[in-house]
Amino acid sequence: MLSRVASHIYWLGRYLERAENYARFIDVNFNLMQDLPVDLKEQWQPLVAATGDWELFQTLYSDYGKNQILYFLAFDSENPNSMLSSIMKSRENARIIRENLSKETWEKVNELYYMMLEGKDKKIWKKADPRYFFERIKNQILLIYGIADNSVARVEGWYFRQLGQFLERADKTSRILDVKYHILLPSGQDVGTPLDFLHWMALLKSVTGFNTYRRVYGTIDPSNVVEFLVLNKYFPRSIYYCLKEAEYCLHHISGNLDGGFKNPAEKSVGELRSRLEFAEVSDIIGFGLHEYLDNLQIKLNNLSDLIDSTYFRLRDNFISQTNDQ
Amino acid sequence: MSFIQKNLLVFELLANWVKLKCDSKFLICMKIEGYNASEHYDEMFTNVGEIRPHYEEFYQSLKKIPIRKMNHLQFSANQTQRAMGMTFNVYHDNQGLEKILHLDIVPRIIPNDEWLKLEAGLKQRTYALNLFLQDVYNDRKILKDGIVPEELILGSKDYLKPCIGLTPPKGIWCHITGTDLIKNKDGDYYILEDNLRCPSGVSYMLESREIIKRAYPNIFNQKGIRPVSDYPAKLLRMLQHLSNKSKPVVGVLTPGIYNSAYYEHSYLALQMGVELVNGVDLIVEDKKVYMQTTKGLEQIDVLYRRIDDAFLDPLTFRPDSMLGIPGIFEAYKAGNVALANAPGTGVADDKAVYAYVPKIIKYYLGEEPILNNVPTYLCREEKDRKYVLDHIEELVVKETNAAGGYGMLIGPKATKEEHAKFRELIKSNPTNYIAQPTLSLSTVPSLTEEGISGRHVDLRPYILYGNEIEVIPGALTRVALKKGSLVVNSSQGGGSKDTWVLYN
């Protein structure tokens, strides 16, 4: 497969997953806000903080209200990570490599883009309850995954898209968890109160993990939630699971099915995965959840860079030619 | 309301509006509207309003389709095109500039006898032009014999010096040709342009057929329409023929996503099952061309390149080209990669060289041209120039090297100021201009806001030159959507029609 094509497929996977997770972020916050006591102000800033774009937001806007933040996260083309930007970029990536996609996949990605534009036209961020819109976007993306799942051959291209998708998801699950860190409770004494539990429940629901969590752990307990979302071996949105999948993809791409590593990307993902595999939740809490997640996000970025230098980077054909002669 | 529902509502409103404007429920009431058969040839009706025999069956079916249904068919066709992303003029992050080429749902039908003549004429022309290209880059016999002026060829900016002395693989220069023709009021076809470089539009011919098939499933079963869907297979076979390897690696080379025909490049690569490559994907080593893949370098043997000659190789042609591949021309000269079309074909589709094509055919083949050339006045020649300056208001003036309907004056439709402007342009740079009498483009009934009405069309069939020369039995018919307009270019408000070539 052409290196450039592989790179576009990888980013297609990442951008779609990013957009889907933003829809989830917005959903989790709506759920949280509805459970807040009336005298407590709505908190939307934590959402932007968790995406890592708080600085950009501050340079663009001075209004920190719900509508402004929703606009920024969903429809703002000034925000390179907004849903609209991600969907535009996934469509651009898909268009560039359309000859490598099934007709249905391309058409659904195209449709997704027009749905987003329509939402912008209708000023969805001003609606009292825009959740139905984000639900539709999320479902459209899930539909694209479903089509791919049932029509794409399990060859190189498939693994590059999955790789992008799972690395992005690992990053985003860590950020969803971080929303809780940024949300302020009325006072320190409220830790462990019903309000605190409501927050954790909303968070689990946003990753469609509430029922699974209940079945595994029963009661809501912060350290159990952290264990579930970071270390669980079977839940497909846990960070460990995502890394395990990413590692599987990398090994299928290189054909290295005997363990160990064949290139720096495989080495890095293997190390990261095994660190989580043998971690206990008390290690994480002891280190500090926020710091732990921050650290993890940096490592995921490094891994993405290694994938780029291993598979996507092109040699400059001009330099190579002039050296030859 | 869903996205689709919203569009359906828009459609309902549109349909009702059209209905209000139409006196009757059926289209047939509109048939005479817009037709003045004394001025031009209509493909469906004779000048006394009778149906031409090859349209009879279609006309009978059309009569039974209510205007509402017709508008619905048109609406679905537009939706399908948009969903497929059949767009041109693609610019980054700006959906305003991403347009679909309007596909009119009333087809253009060509009877078999008419087609056979076209086919023979196009084969003859392609064969002669290929011999001409081989000659001007090698022995230059036709120049020495004074049939074509030497300075016209050797002085042309499209005459590529690096190609001198070169014979491309299998001696084929123009592998893919998309000749533009029109039908004049005498009912005869005339060649307008040969388009030997990188003719585009073939994806519209193919995709339009799929859409129109869905619109008239019954008619398709009965009518006997020659298929075009095997074009990608024929194209691939032709490209493979250019290599001596048993399983050559073929690719489509595109300038990239910002090119207006990117959709087509990607479509053809997908249909042929070959890689779509950009310049940055390719690298030349030891005069061989390689693709940069996730598994290392892989050699490529044949490139259907959709990059202009000048941008192919910054080491040989334009040094500032960011699209090309440094060293690819050397690899081509060494015979390690085949390029379709061959670099250098542009010199034969210059509008001034066009005037000599009948002589070129006679010179190489000893035959009379089967298809008409439009009489052409070369402003470079004094006698012709004087005629052009005196008769500019009757003539169409064209720049010899401009494409896409730009740099053009349609005398009868232009103002006095425009006439004066072009007279000055011609005087200051005569070699840059040619002039032709105004031809009347034939019309085909088309679905418009005012119901069915005649619109002017041209015709672009596609010719492949591989093991043999083959004319694909179909074409891109471009239609000027504006009433009375003669400009069919997509960049200037043109649309397209599916073109049916009948078995008999």
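How many residues join S10(B) to S11(B) in a hairpin? The hairpin runs through two residues. The model is a predicted one, in which local features need pLDDT of at least 70 and side-chain atom pairs count only at pLDDT 80 or more, while totals for chains, interfaces and linings use all residues. Residues are numbered from 1 along each chain as its sequence is written, and chains are lettered from A and ligands numbered from 1 in the order in which they are written.

**Chain B as a whole**
- Chain B has 15 helices and 24 strands; helices (H or I, at least four residues) and strands (E, at least two) are DSSP runs, numbered from the N terminus.
- Of the 504 residues in chain B, 46% are buried, meaning that 20 or more other C-beta atoms, placed from the backbone, lie within 10 Å of a residue's own.

**The hairpin**
- S10(B) and S11 (residues 296-299) of chain B pair in the antiparallel sense over four bridges; strands pair if DSSP finds at least two bridges between them.
- B:Tyr290 stands opposite B:Gln299 in S11(B).

**Helix H3 of chain B**
- H3(B) covers residues 67-84, which is 18 residues, and reaches 26 Å from its first C-alpha to its last.
- That is close to the expected 26 Å, where the expected span is 1.5 Å times one less than the number of residues.
- Its buried residues are B:Ile67, B:Met70, B:Asn71, B:Gln74, B:Ala77 and B:Gln81.
- Just after H3(B), B:Gly85 takes a positive phi of about 70°.

**Contact with chain A**
- The contact takes 28 residues from chain B and 28 residues from chain A; residues are in contact if their C-beta atoms, placed from the backbone, lie within 7 Å.
- Elements of chain B that each supply at least two residues to this side include H3, H10 (262-272) and S10 (288-293).
- S9(B) gives the largest share, four residues.
- The side of chain B that touches chain A has 16 nonpolar, eight polar and four charged residues; Ala, Val, Leu, Ile, Met, Phe, Trp, Tyr, Cys and Pro count as nonpolar, Asp, Glu, Lys and Arg as charged, and the others, Gly among them, as polar.

**Domains of chain B**
- Domain 1 is 116-193 + 227-354 and domain 2 is 375-437, with bounds from an automatic or database domain assignment.
- Their C-alpha centres lie 30 Å apart.
- Four residues of domain 1 are in contact with seven residues of domain 2.

Notes:
A residue is buried if 20 or more other C-beta atoms lie within 10 Å of its own, exposed if 12 or fewer, and partly exposed in between; C-beta atoms are placed from the backbone. Two residues are in contact if their C-beta atoms, placed from the backbone, lie within 7 Å.
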